[in-house]
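Here is a walk through a structure, one piece at a time. Have the sequence and the 3D view open as you read.

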Amino acid sequence: MVSITIKNLTKTYGNTIAVKDVNLQIKDKEFFVFLGPSGCGKTTTLLAIAGLVEVDAGEIWIGDELVTSAEQGIHKPPQERGIAMVFQDYAIYPHMSVFDNIAFPLKIRGVNRNEIDESVKKTAELLGISQLLNRKPRQLSGGQRQRVALGRAIVRRPKVFLMDEPLANLDAKLRVQTRTELKKLQRELEVTTVYVTHDQVEAMTMADKIMVLRDGFIEQIGTPDELYNHPSNTFVAGFIGSPEMNFIDCTLVEEGERLSLDAKEFKISLTDKTFPELRSYIGAEVIMGIRPEDVYESRSARGTTQDNTVKMTLDLIEPVGPFLLLHLRAGRIPFVATVKQTRAKVGQEVIMELDLSKIHVFDKKTNKAII
Amino acid sequence: MRFPKLGRVSLYVLLVFLVFVFLLPLWTMITTSFKTVQDVIYTIPLEPPLSPTIEPLISSLNIMERPLLNSLTFTVAATILSCLLGSVNGYILTKIRFRGSDMIFLLFSIGIFIPYQSVLVPLVLTMSRLGLYNSIGGLILTHTAYGVPITTLLFRNFYGLIPDSLIMAAKTDGAGTWTIYRLVVLPLSLLPFVVAAVFQFTSIWNDFLFGVTLARGSEAMPASVALANLKGTTEVNWNVQMAGTLWYAVPVLIIYVVLGKYLIRGYMTGAIKG
């Protein structure tokens with residue numbers, strides 16, 4: 001049972017806040033991803049778990065062991081935390097052979113030679129690099145180096161894997177392939193894993209749970225599904241999903257029994273469903289959010305009177321392969337929609353329908369999700 | 001197409017001419033070393049000897065042998081010590097860091113610019129207090145202390161190129177500060193060691209001021225001082241003088257020929273990353 005608990009973690013570098021009041025709970029065997037743009041504090045948090053930076057405030061527990069506590073002055077060195085780390089630049093020792101690289105953590109710990117030999121060979125086999133054991137790092141490709149770095153982490157059977165953008169330096173094809181392998185490997189080894197990335201696709205595909213960070217603060221913690229379908233603010237909504245969610249400034253108005261979103265160029269009525277959460281925002285400025293795949297061409301070309309349709313001009317079609325990316329405009333408001341196919345031509349007017357069950361409304365002042 | 005060609009030709013002419021100019025003193029030194037006293041008088045320095053002899057080489061070696069060994073001893077010792085200390089300093093200042101490490105580095109940098117002459121009096125006093133005046137040990141200590149700032153700067157710059165993640169990886173792998181230095185940093189330091197060693201060796205070997213101040217006329221006299229003493233007060237035997245100079249130049253020449261390749265690579269590391 002290796003869970004990780006972080007309480008009120010704060011770390012500053014001089015006057016810059018790296019992370020502030022981070023609280024989170026990582027369950028045993030969980031694949032947990034820290035996601036955010038560069039400089040958001042995700043790597044700092046990871047290094048704090050590893051014991052490679054000292055924190056200004058807060059506690060870190062690995063299992064039921066308190067490894068970091070600024071208040072109690074506890075700072076266990078990295079090697080006593082049962083962690084193994086994989087770095088973005090792999091950080092394999094350039095002067096050692098692949099074998100010696102993987103054997104290094106065992107040698108340091110004074111494991112006997114036979115045992116080292118056996119463990120290294122087993123690990124190399126698991127990763128499919130047995131034939132490379134005598135090579136030097138400079139003779140290896142990026143993908144192979146990455147495996148060596150993984151091997152060095154796996155070989156000592158750590159309680160926790162910490163990975164800092166391990167796929168960022170691989171080319172696109174290899175990255176996708178390694179992504180899958182890494183996920184499988186984690187399942188097989190059943191090791192609690194903390195993984196840092198700025199790539200939302202990587203996070204969505206690999207994670208059991210994701211923490212989205214910005215400027216040192218937690219924006220949201222949740223499963224990939226929760227983050228995608230129920231983002232708690234505009235930042236998460238915009239950061240997750242590609243192409244990005246459409247955001248439209250609106251005023252929430254009440255028309256008889258119904259609420260509608262008035263974007264000046266068009267108006268959307270929010271069906272008969274009553275949204276009690278929205279009641280207090282009547283008359284206020286809000287942001288409507290809708291994902292590109294929830295915007296589609298209206299079946300009935302004349303359905304202009306419907307509550308959820310908007311007349312738009314088609315500016316550009318980008319064929320992506322599995323779908324088309326439509327760049328549209330409702331007056332001056334830009335929209336992006338993903339559709340399977342379209343008969344519309346560039347420059348034409350199209351009637352687009354918004355899926356009201358997928359609509360998001362955010363408070364304009366706080367950027368927090370209302371629904 | 002004619003002009004660039006002409007340019008190229010004149011460039012080579014100029015370069016050959018410059019090589020010739022730069023090699024003239026060396027040539028003069030060699031020719032004079034093999035001349036008899038008469039030849040020195042009857043030929044101009046550039047001319048080869050009329051009746052070549054190795055007599056000057058032998059007589060100068062007789063005088064220079066002990067000082068040359070002295071110089072070799074303290075130069076090698078101080079070179080090794082100052083390089084090792086510089087390497088450790090560079091490692092600590094870039095990879096460990098601690099409160100005040102920038103300040104300490106600043107002090108080291110200032111150390112580079114302290115002129116030798118300004119410390120002579122306190123140096124002599126210190127050395128005699130320590131009982132190291134007129135001794136090889138005193139010269140080793142002085143040259144090591146004077147070399148450490150520049151080697152620290154050199155190693156610090158080089159270690160700045162070693163990614164921090166490598167050190168972090170070794171830390172998580174369970175290595176302590178010194179184990180990391182020994183197993184990871186040191187094996188990657190061949191280049192800066194060569195550069196620092198060549199630099200230190202030549203400057204310590206060529207030093208005259210410290211040598212003449214700390215070990216003049218003693219058993220510990222360095223070769224640079226002995227070489228100056230070769231020329232008498234009333235007459236100068238140029239052939240012996242030049243032969244002594246030849247002996248004196250040999251170790252440095254060997255170092256450059258053997259390590260020149262590494263030296264150029266070492267100078268380049270700062271310019272081209274990775």
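Helices (H or I, at least four residues) and strands (E, at least two) are DSSP runs, numbered from the N terminus. You're looking at a predicted model, where local features need pLDDT of at least 70 and side-chain atom pairs count only at pLDDT 80 or more, while totals for chains, interfaces and linings use all residues. Residues are numbered from 1 along each chain as its sequence is written, with chains lettered from A and ligands numbered from 1 in the order in which they are written.

Go to chain A and find helix 3 (residues 113–127) and helix 4 (residues 142–154), whose axes come within 10 Å and cross at roughly 135 degrees. Angles under 35 degrees count as roughly parallel, over 145 as roughly antiparallel, 65 to 115 as roughly perpendicular and the rest as oblique, so helix 3 and helix 4 of chain A are oblique to each other.

Contact here means that the C-beta atoms, placed from the backbone, lie within 7 Å. The residues of this contact divide into four nonpolar, two polar and one charged. For the classes, Ala, Val, Leu, Ile, Met, Phe, Trp, Tyr, Cys and Pro count as nonpolar, Asp, Glu, Lys and Arg as charged, and the others, Gly among them, as polar.

Now hop over to chain B. The residues of the contact between helix 3 and helix 6 of chain B split into 16 nonpolar, 13 polar and two charged.

How do the two chains touch? Chain B brings 14 residues to the contact and chain A brings 17 residues. On the chain B side, helix 7 (164–172) and helix 8 (177–185) each supply at least two residues, and helix 7 of chain B gives the most, with six residues. That side of chain B comprises eight nonpolar, four polar and two charged residues.

Note on methods:
Two residues are in contact if their C-beta atoms, placed from the backbone, lie within 7 Å. Axes are lines fitted to C-alpha atoms, for helices over the stretch in contact, and angles run from 0 to 180 degrees between N-to-C directions.
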